[in-house]
Amino acid sequence: MSSQSLLPGFAEPPPLTHRLFFALFPEHDAAARIAQLARQLCDKHQLKGQPLRTERFHVTLHHLGDYAELPGDLVAIAQDAAASFTAASFEVAFDHVASFSSMPRNRPLVLRGGDQLAALEDFQRNLGGTLKRTPLGRWAKPGYTPHVTLLYDDKAVAAQAIDAIGWKVSEFVLVHSLIGQSRHIPLGRWPLLMP
């Protein structure tokens with residue numbers, strides 16, 4: 001509790017429990033391989049963190065903010081922007097794992113990739129260009145590190161190569177995440193053009 005909230009007339013702001021973002025989800029077989037890899041890494045590195053549930057593995061494209069209540073107007077703007085965006089399907093492949101080390105504790109252990117993610121980076125940048133023409137434009141930020149979070153752990157895992165895990169991206173999704181509840185609710189899915 002902040003010292004200001006103890007003063008008369010100042011209330012504690014409501015918690016931010018709703019997150020909105022665009023994401024890609026792996027195909028079923030790829031998600032199963034990711035889950036198996038996460039379990040193997042826990043055993044190999046004696047990690048205490050629990051792997052995310054298989055259905056929660058995803059690649060965030062654009063984070064659209066955290067809110068005390070889901071803003072229906074911004075959801076509608078995001079849905080309209082997604083509906084106006086066209087792109088061809090593409091392949092992704094992640095070929096190494098590493099901990100994001102910027103945090104002293106609860107570090108994300110993630111799948112990363114190299115040149116095999118160029119099409120994903122282009123897709124994310126082009127979707128950002130569409131968002132910039134809307135009130136959501138402030139969320140389309142430069143600098144993007146595509147990854148799939150496997151789990152969170154206090155122990156850091158050094159970068160290491162893995163057998164590549166990939167899939168064909170055929171759609172993108174607008175997700176409503178209930179922060180602290182480990183729930184992702186799709187608010188819309190948009191198919192990509194098949195070549």
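Ala30 is in contact (heavy atoms within 4.5 Å) with Ile165, Gly166 and Trp167, leaving aside its neighbours within four places in sequence. The model is predicted: local features need pLDDT of at least 70, side-chain atom pairs count only at pLDDT 80 or more, and totals for chains, interfaces and linings use all residues. Residues are numbered from 1 along each chain as its sequence is written, and side-chain values use heavy atoms, with hydrogens and water left out.

**Ala30**
- Ala30 belongs to helix 1; helices (H or I, at least four residues) and strands (E, at least two) are DSSP runs, numbered from the N terminus.
- Its relative accessible area is 4%, so Ala30 is buried (under 20% with a 1.4 Å probe, protein chains only).
- Ala30 and Gly166 are 136 residues apart along the chain, and 6.4 Å separates their C-alpha atoms.

- An open sheet is formed by four strands in the order 5-4-3-6, with antiparallel pairing (two strands pair if DSSP finds at least two bridges between them).
- Strand 5 (148-153) and strand 6 (160-169) each have a single partner strand, so one side of each of these edge strands is left without a neighbour in the sheet.
- On average, neighbouring strands of this sheet are turned by 30° against each other, direction ignored; axes are lines fitted to C-alpha atoms, for helices over the stretch in contact, and angles run from 0 to 180 degrees between N-to-C directions.
- Strand 3 (residues 90-99) runs antiparallel to strand 6 and is joined to it by seven bridges.
- Val92 has Trp167 as its bridge partner in strand 6.

**Helix on sheet**
- Helix 1 (residues 28-45) packs on the sheet and touches strand 3, strand 4 (107-112), strand 5 and strand 6.
- The direction of helix 1 makes about 160° with that of strand 6.

Technical notes:
Buried < 20%, exposed > 50% of the residue type's maximum accessible area, 1.4 Å probe, protein only.
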